Amino acid sequence: MERRIINPWQWQDQRGYVQAVEVKQAASTLYCSGQTAIDADGRSSTADMRTQLVETLQNLEYVIEQAGYEPKNIVRLNTYTTSSAELFTCFDVLQGWVTRHAMQQATTLLEVKNLFETLTVELEAAAVK
């Protein structure tokens, strides 16, 4: 697999993402459904945003690894939240996770009116190998 990062500016480097990722000759691609803070028994979290973000990242990582991929090969990560302002107060959690996995992903953040039940954050990813 060949991956090329396109960053015509430098300001995004401080924010933990890239402007575009070109992937050539990938063996396969994994498209993950939105992952949230739902436990193994299907119960939605009622915790605060920070706790839900940690649980969501754990669930996303688990799905990716169960499929035989690695988080470092995420090329697209979309974030949905019921409160951008609240998410930004715990953005260090997301940025730390991205840094720990040496990810360089294109990303989009969207604030939505509601998510499923009591959930406040959802992450959707595409990974390659």
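Buried means under 20% relative accessible area, exposed over 50%, and partly exposed in between, with a 1.4 Å probe and protein chains only. The model is predicted: local features need pLDDT of at least 70, side-chain atom pairs count only at pLDDT 80 or more, and totals for chains, interfaces and linings use all residues. Residues are numbered from 1 along each chain as its sequence is written, and side-chain values use heavy atoms, without hydrogens and water.

**Exercise 1. Find how many residues of β4 are buried, and name its strand partners**.

Step 1. Strands are DSSP runs (E, at least two residues), and helices are H or I runs of at least four; both are numbered from the N terminus. β4 covers 74-81.

Step 2. Six of the eight residues of β4 are buried, so this strand is largely enclosed by the rest of the structure.

Step 3. Strands pair if DSSP finds at least two bridges between them. β4 and β6 run antiparallel, joined by seven bridges. Asparagine 78 stands opposite glutamate 124 in β6.

Step 4. β4 also pairs with β5, in the parallel sense, over six bridges. Here threonine 79 has leucine 109 of β5 as its bridge partner.

**Exercise 2. Locate the largest nonpolar core and say which element gives the largest share**.

Step 1. A nonpolar core is a set of buried Ala, Val, Leu, Ile, Met, Phe, Trp, Tyr and Cys residues joined through side-chain atoms within 4.5 Å. In soluble globular proteins, nonpolar side chains tend to be buried together.

Step 2. The largest core has 21 residues; among those with the most contacts inside it are Leu53, Ile74 and Trp97. α1 (49-66), β4, α3 and β6 (121-128) each supply at least two residues of this core. The largest share, five residues, comes from α1.

Step 3. Look at isoleucine 74. Contact means heavy atoms within 4.5 Å. Residues up to four places away in sequence aside, isoleucine 74 touches Leu60, Ile64, Trp97 and Ala126, among others.

**Exercise 3. Describe the lining of the largest pocket**.

Step 1. A pocket is an open set of points on a 1 Å grid over the protein atoms alone, with protein on both sides within 12 Å along at least five of seven lines; lining residues have an atom within 4 Å of a point.

Step 2. The largest pocket holds about 240 Å³ of space. It has 15 lining residues, and Arg15, Tyr17, Phe91, Thr107 and Leu109 are the closest to its centre.

Step 3. α3 (91-100) gives the largest share of the lining, four residues.

Conventions
1 Å grid on protein atoms, 1.4 Å probe; cavity = no way out; pocket = protein on both sides within 12 Å on 5 of 7 lines; lining within 4 Å. Points joined across faces, edges and corners; volume = space filled by probe spheres on them. Nonpolar A, V, L, I, M, F, W, Y, C, P; charged D, E, K, R; others polar.
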